[in-house]
Amino acid sequence: MSLRATVSVAFASLLRNRLRSLLTVLGVVIGVAAVLTMESLGKGATAFISDTISGMGSNMVMVVPGSPSQRMGGGSSNAPLFTAGDLEALRRGTRDVDRLSPVGQKPLRVVVGGLNRNTTVTGAAPSYLEIRQWSVLRGRALTDDDERLGNQVCLIGQTVRQALFPGSDPLGQDLRVRDLSCRVVGELESKGGSAMGMDMDDVVFMPFTTFTRRLSGSDRIGLLVASASSAERIDDAKAQVTAILRARRHVAEGEDDDFAVRDPREIQAVLGQVTGLLTTFLLGVAAISLLVGGIGIMNIMLVSVTERTREIGVRLAVGARSSDILSQFLVEAVVLSGAGGVLGIALGLGAARGLAVVLKVPFVVPVAAVPLAFGVSVLVGVVFGVFPARKASQLNPLAALHFE
Amino acid sequence: MASRASEPPLLAFEQVTREWGEGEARVQGLAGVDLQVHRGEFVAITGASGSGKSTTVSILGCLDLPSSGAYLLSGTPVQTLSPDVLAALRNATFGFVFQSYNLLARTSALDNVGLPLIYAGVGLAERERRSLAALADVGLADRADAHPNQLSGGQQQRVAIARALINGPEVILADEPTGNLDSRTSADIMKLLTSLNVERGITVVMVTHDPKSAAVARRNIEFRDGLIVGDTTRPGVAA
Ligand SMILES: Nc1ncnc2c1ncn2[C@@H]1O[C@H](COP(=O)(O)OP(=O)(O)OP(=O)(O)O)[C@@H](O)[C@H]1O
Ligand SMILES: [Mg+2]
């Protein structure tokens with residue numbers, strides 16, 4: 001009996017019991033769909049976050065007060081903020097730090113005429129944009145003079161531009177933050193996307209001195225960003241920064257740092273750990289649902305063998321070999337679970353597509369997972385179909401024919 | 001008969017027994033049967049219920065094996081053959097016709113008739129062509145697409161006969177083929193079997209309870225309690 005005939009016999013008998021076939025493979029469908037959805041969303045989120053991180057500037061190093069054993073990003077701690085003296089010492093004492101900028105940030109209401117918007121006002125040195133690899137679309141960047149003199153000038157992100165200057169040219173116009181009036185001298189290019197709901201283009205930049213004098217009221221520094229001279233030098237740069245800050249902050253030998261020096265690779269590594277954990281968990285879920293799905297298939301195949309004992313008897317009586325019966329039921333199980341796999345893949349990708357829109361992450365087809373999911377569901381059919389198929393093939397022709 | 005003596009009979013039982021169970025629960029279906037059927041014969045088997053008729057036919061058709069004794073098929077002891085060879089014999093040498101038709105439900109007459117050809121490795125197009133021809137032979141060419149539940153008992157039995165014929169068998173084994181049919185339909189089925197025997201030279205072994213059907217056959221064998229108690233060949237009947 002040819003494979004083609006076997007497959008078409010299997011299809012015919014599955015189609016005779018459409019509803020039951022569908023219900024039987026539901027376990028496989030749901031298992032495969034769940035895995036593909038999560039796989040796609042996970043890939044989408046990872047792609048999105050890597051994009052965001054590389055958008056931060058690839059050689060970037062961040063320094064925050066607070067011990068590194070604390071939650072990533074420092075969080076609240078009793079460690080003192082950095083000072084202008086620290087900044088000077090770092091500028092002078094590090095060989096592999098190219099650029100260095102203090103950063104101050106405050107969520108504030110910005111007003112232009114009758115329009116206003118709550119946005120993030122950031123004070124930073126002129127080098128900040130270079131560290132972040134962020135360029136000015138129109139107008140000019142901030143200058144050292146602006147920084148030294150505390151000029152009342154600012155750059156705006158695209159979101160702010162659209163919200164506060166609809167249909168007009170912002171360059172040369174003034175915006176107001178609290179009682180500070182600030183001239184817009186430049187427009188930043190769009191950084192695109194939003195990191196976990198945070199719009200990177202929703203920002204107003206001004207010189208750090210202007211920010212501390214007029215808005216924050218303190219010249220203490222809560223965040224330092226720097227760029228290493230090259231990607232290979234990041235670790236050297238971090239070591240130099242650490243040495244200088246330990247000395248200036250009087251951290252005794254053997255004591256932990258009371259500040260943390262981070263770079264995006266670390267964030268990515270942590271992210272890798274999280275997605276690794278998620279993948280392991282998902283594999284567990286998938287294994288369990290496929291096991292349950294497989295047992296469902298085995299159960300129905302056993303019922304089917306019993307129900308169709310007379311059919312098997314007839315087939316044996318007209319010349320089927322036991323291997324023909326074995327392959328018929330095995331192929332039926334495989335076609336069943338394979339079809340379940342295809343359905344699950346379609347369902348999973350459909351769901352991922354919809355969720356990607358809702359969650360605002362890019363939709364990614366997990367290219368490796370699709371054939372893998374199909375392969376695994378076929379395998380489930382083989383593994384759980386063997387026992388019922390063997391049972392069918394070992395029936396005695398006469399007994400099967402007279403089975404009631 | 002002289003020419004037949006030189007070649008072995010097509011089907012031969014030598015002291016064939018068939019029993020089930022052990023000790024107290026032992027049931028004996030055949031108690032040591034000797035039987036020879038030659039090529040081209042039309043044999044009717046009669047006997048009381050439980051006398052061993054179906055058991056005999058099942059063993060003849062390689063659906064079952066003797067418990068002891070020997071069944072020689074053209075001189076070859078069947079017990080020495082592998083299961084796959086037995087399957088091939090059921091496929092090409094024997095055609096079965098059962099009292100209860102044994103057609104596959106929810107399957108067209110055409111596909112039912114073509115079933116043996118699937119296991120003979122015949123491709124789809126050839127299968128359909130031959131199935132249609134076989135259906136035409138039994139007068140059902142116009143019902144090829146009908147499912148068994150859309151056919152009368154007589155029509156279903158014709159489909160079953162077409163299925164038995166499809167792979168050019170040497171022997172047709174029929175176990176009460178008219179058992180479920182009225183006398184007119186029975187007569188039609190008997191006519192069909194007779195013509196297969198006379199025109200195509202197919203050997204027919206048929207179990208029946210109906211004296212009219214038995215009368216069609218030239219040779220009548222009677223069973224009682226698992227043994228042959230009568231074997232008569234009458235001259236002047238068709239075969
Ligand atoms: N699988 C079996 N297990 C146990 N006993 C069996 C089995 N098959 C047949 N028998 C017994 O063997 C004997 C012969 O059975 P068989 O079916 O050959 O009778 P039969 O002549 O065909 O009867 P009927 O005219 O009723 O069909 C009976 O006593 C029956 O009970
Ligand atoms: Mg019987």
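This is a predicted model: local features need pLDDT of at least 70, side-chain atom pairs count only at pLDDT 80 or more; totals for chains, interfaces and linings use all residues.
Local features need pLDDT of at least 70, side-chain atom pairs count only at pLDDT 80 or more, and totals for chains, interfaces and linings use all residues. Residues are numbered from 1 along each chain as its sequence is written, chains are lettered from A in the order in which they are written, and side-chain values use heavy atoms, with hydrogens and water left out.

**View 1. The largest cavity has a volume of about 80 Å³.** A cavity is a set of points on a 1 Å grid over the protein atoms alone where a 1.4 Å probe fits but cannot get out, and its lining residues have an atom within 4 Å of a point; the volume is the space filled by probe spheres set on points joined across faces, edges and corners. Of the 13 lining residues, A:Val318, B:Gly95, B:Pro116, B:Arg163 and B:Ala164 are the closest to the centre.

**View 2. The second largest cavity holds about 70 Å³ of space.** Its lining includes A:Tyr128, A:Leu142, A:Phe205 and A:Met206, and by class it has nine nonpolar residues (Ala, Val, Leu, Ile, Met, Phe, Trp, Tyr, Cys and Pro count as such), with no polar and no charged ones.

**View 3. Helix α8 of chain A covers residues 234-248.** Helices are DSSP runs (H or I, at least four residues) numbered from the N terminus. At 1.5 Å times one less than the number of residues, its 15 residues should span 21 Å, which agrees with end C-alpha atoms 21 Å apart. Just after the helix, A:His250 takes a positive phi of about 55 degrees.

Conventions:
On a 1 Å grid over the protein atoms alone, a cavity is a set of points where a 1.4 Å probe fits but cannot get out, and a pocket is an open set with protein on both sides within 12 Å along at least five of seven lines; lining residues have an atom within 4 Å of a point. Helices (H or I, at least four residues) and strands (E, at least two) are DSSP runs, numbered from the N terminus.
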